[in-house]
Amino acid sequence: MYFLSPRRIVTALLAAGLAVAMLTPVDVPQSVPSGTDKLVHLAAFGLLVLPAALSRRVPLGLLFVGLFVGAAAFGGAIELIQPHFGRSADVNDWVADMAGAALGLLLALGIRRIR
């Protein structure tokens, strides 16, 4: 039943939610301050990797590399297909996604050490 672990379920739900949010067309101009979008990407991808990064079933190095590569691929794929959903692709969003994943992994590392 490891496949249906709570961490995997939470990660899958977060990924699905992110995909929906990032692929939903924006009908109104953004009224948020410049750069806020990048903070949202940073936080979202940090939270995306956190549940799985807290797992102790996989060796730490393999887990972290796999999560970072997976999150980077997911963020890149989202950016590549956004134009097909009426959104614009932005390399800076992808960079913010990867930075958020890295920060989420660092946070998880800190939590794992405290445990």
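Okay, let's start with Asp90, which has a relative accessible area of 25%, so it counts as partly exposed. Keep in mind that this is a predicted model.

Who is the partner of Asp90? Asp90 forms a salt bridge with Lys38, and the closest N and O atoms are 3.0 Å apart. Now look at where the two sit. Asp90 is in the loop between α3 (60-81) and α4 (91-114), while Lys38 is in helix α2 (residues 36-53), so this pair ties together parts that are 52 residues apart in sequence. As a bit of background, side chains of opposite charge can pair when their charged atoms come close.

Lys38 has other partners too. Let's take Asp93. The side chains of Asp93 and Lys38 meet in a salt bridge, with 2.6 Å from N to O. Here again the pair links distant parts of the chain, since Asp93 is in helix α4 and Lys38 in helix α2, 55 residues apart. Is Asp93 buried or exposed? Its relative accessible area is 6%, so Asp93 is buried. Buried here means under 20%.

Then there's Asp37. Its side chain meets that of Lys38 in a salt bridge too, at 3.3 Å from N to O. Asp37 has a relative accessible area of 33%, so we call it partly exposed. And Lys38 itself? At 25% relative accessibility, Lys38 counts as partly exposed as well.

Okay, on to the rings. How many aromatic pairs does the count give? It comes to one aromatic pair. The rings belong to Phe45 and Phe74; their centres are 5.9 Å apart and their planes are at 40°, so the pair is tilted. Phe45 lies in helix α2 and Phe74 in helix α3, so this pair ties together parts that are 29 residues apart in sequence. As for cover, Phe45 has 0% relative accessibility and counts as buried, whereas Phe74, at 23%, counts as partly exposed.

Leaving aside neighbours within four places in sequence, Asp97 is in contact with Met22, His41, Phe45, Gly75 and Glu79. You'll find Asp97 in helix α4. Why does Asp97 count as buried? Because its relative accessibility is 0%, and anything under 20% goes in that group. Here's another pairing to look up on the screen: Asp97 and Val40 are 57 residues apart in sequence, yet their C-alpha atoms are 9.0 Å apart in space.

Last stop, the surface. Which residues make the nonpolar surface patch of about 290 Å²? Those are Leu4, Ile9 and Leu13. Take Leu13 from that group: it lies in helix α1 (residues 6-23). Leu13 has a relative accessible area of 60%, so it is exposed.

Conventions:
Residues are numbered from 1 along each chain as its sequence is written. This is a predicted model: local features need pLDDT of at least 70, side-chain atom pairs count only at pLDDT 80 or more; totals for chains, interfaces and linings use all residues. Side-chain values use heavy atoms; hydrogens and water are left out. A salt bridge is a side-chain nitrogen of Lys or Arg within 4 Å of a carboxyl oxygen of Asp or Glu. Buried means under 20% relative accessible area, exposed over 50%, partly exposed in between (1.4 Å probe, protein chains only). Helices (H or I, at least four residues) and strands (E, at least two) are DSSP runs, numbered from the N terminus. Patches are made of residues with over 30% relative accessible area and no salt bridge: like charges are joined within 9 Å, nonpolar side chains (Val, Leu, Ile, Met, Phe, Trp, Tyr) within 5 Å. Accessible areas come from the Shrake-Rupley method with a 1.4 Å probe; for residues, only the protein chains shown count as cover. Rings of Phe, Tyr and Trp (its six-membered ring) pair if their centres lie within 6.5 Å; planes under 30 degrees apart count as stacked, over 60 as edge-to-face and the rest as tilted. Contact means heavy atoms within 4.5 Å.
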